[in-house]
Amino acid sequence: DDDDDDDDKLRAAGRRIALAGCSQGCAMAFDVAMHSAVELRAFCGILGHPLTGTPVGNHAGMPLHFFNGANDKVMRWEWVKPMIDRLAECGHRTIVHGPLKG
């Protein structure tokens with residue numbers, strides 16, 4: 001069936017795509033990844049967090065890497081950490097690098 005072939009091609013393409021973003025771009029890239037029709041290869045967020053309105057639970061197998069600074073004055077770790085922890089509680093594969101010095 002042609003539809004099955006198209007679905008297979010879309011899933012295969014998704015496995016080759018990773019999204020990343022920094023600060024507000026982190027939030028936007030994460031939102032796009034969670035709204036994607038297929039699970040992507042990975043997500044990498046730098047100095048950012050998920051938006052409160054972004055659906056969680058989608059694509060739980062996709063690795064989600066977050067890099068945050070311990071002394072960031074805008075994306076404060078004590079504020080960002082609970083948002084990232086919520087993803088793990090919802091079954092996501094979260095990998096947190098940090099908080100990093102600086």
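Rings of Phe, Tyr and Trp (its six-membered ring) pair if their centres lie within 6.5 Å; planes under 30 degrees apart count as stacked, over 60 as edge-to-face and the rest as tilted. Keep that rule at hand for the second exercise.

Residues are numbered from 1 along each chain as its sequence is written, and side-chain values use heavy atoms, with hydrogens and water left out. The model is predicted: local features need pLDDT of at least 70, side-chain atom pairs count only at pLDDT 80 or more, and totals for chains, interfaces and linings use all residues.

**Exercise 1. Find the order of the strands in the sheet and the sense of their pairing.**

Step 1. Two strands pair if DSSP finds at least two bridges between them.

Step 2. Look at the whole sheet: it is open, its four strands follow the order β1-β2-β3-β4, and the pairing is parallel. At the edges lie β1 (18–22) and β4 (93–100), each of which pairs on one side only.

Step 3. Go through the neighbours. Five bridges pair β1 with β2 in the parallel sense; in this pairing, C22 has I46 of β2 as its bridge partner. Between β2 and β3 there are four bridges, and G45 is partnered by F66 in β3. Strand β3 (residues 63–69) is joined to β4 by six bridges; here H65 has I95 as its bridge partner, while L64 stands opposite T94.

**Exercise 2. Locate the aromatic pair formed by F30 and F43, and describe its geometry.**

Step 1. Searching the whole structure gives three aromatic pairs. In the pair of F30 and F43, the ring centres are 5.3 Å apart and the planes make 70°, an edge-to-face arrangement.

Step 2. Check burial, where buried means under 20% relative accessible area, exposed over 50%, and partly exposed in between (1.4 Å probe, protein chains only). F30 is buried at 0%, and F43 is buried too, at 1%.

Step 3. Widen the view: ring pairs link F30, F43 and F66 into a cluster.

**Exercise 3. Describe how helix α2 packs on the sheet, and what covers its buried residues.**

Step 1. Helix α2 (residues 24–35) touches β1, β2 (42–46) and β3, where contact means heavy atoms within 4.5 Å. Its direction makes about 155° with that of β1; axes are lines fitted to C-alpha atoms, for helices over the stretch in contact, and angles run from 0 to 180 degrees between N-to-C directions.

Step 2. List the buried residues of α2: C26, A27, A29, F30, D31, A33 and M34. Their cover includes β1, β2, β3 and α3 (77–89).

Step 3. Follow the chain through the helix: β1, α2 and β2 make a right-handed β-α-β unit. Right-handed means that, with the strands pointing away from the viewer, the path from the first strand over the helix to the second runs clockwise. A right-handed unit is also made by β3, α3 and β4.

**Exercise 4. Is V74 buried or exposed?**

Step 1. Find V74 in the loop between β3 and α3.

Step 2. Its relative accessibility is 63%, so V74 counts as exposed.

Notes:
Helices (H or I, at least four residues) and strands (E, at least two) are DSSP runs, numbered from the N terminus.
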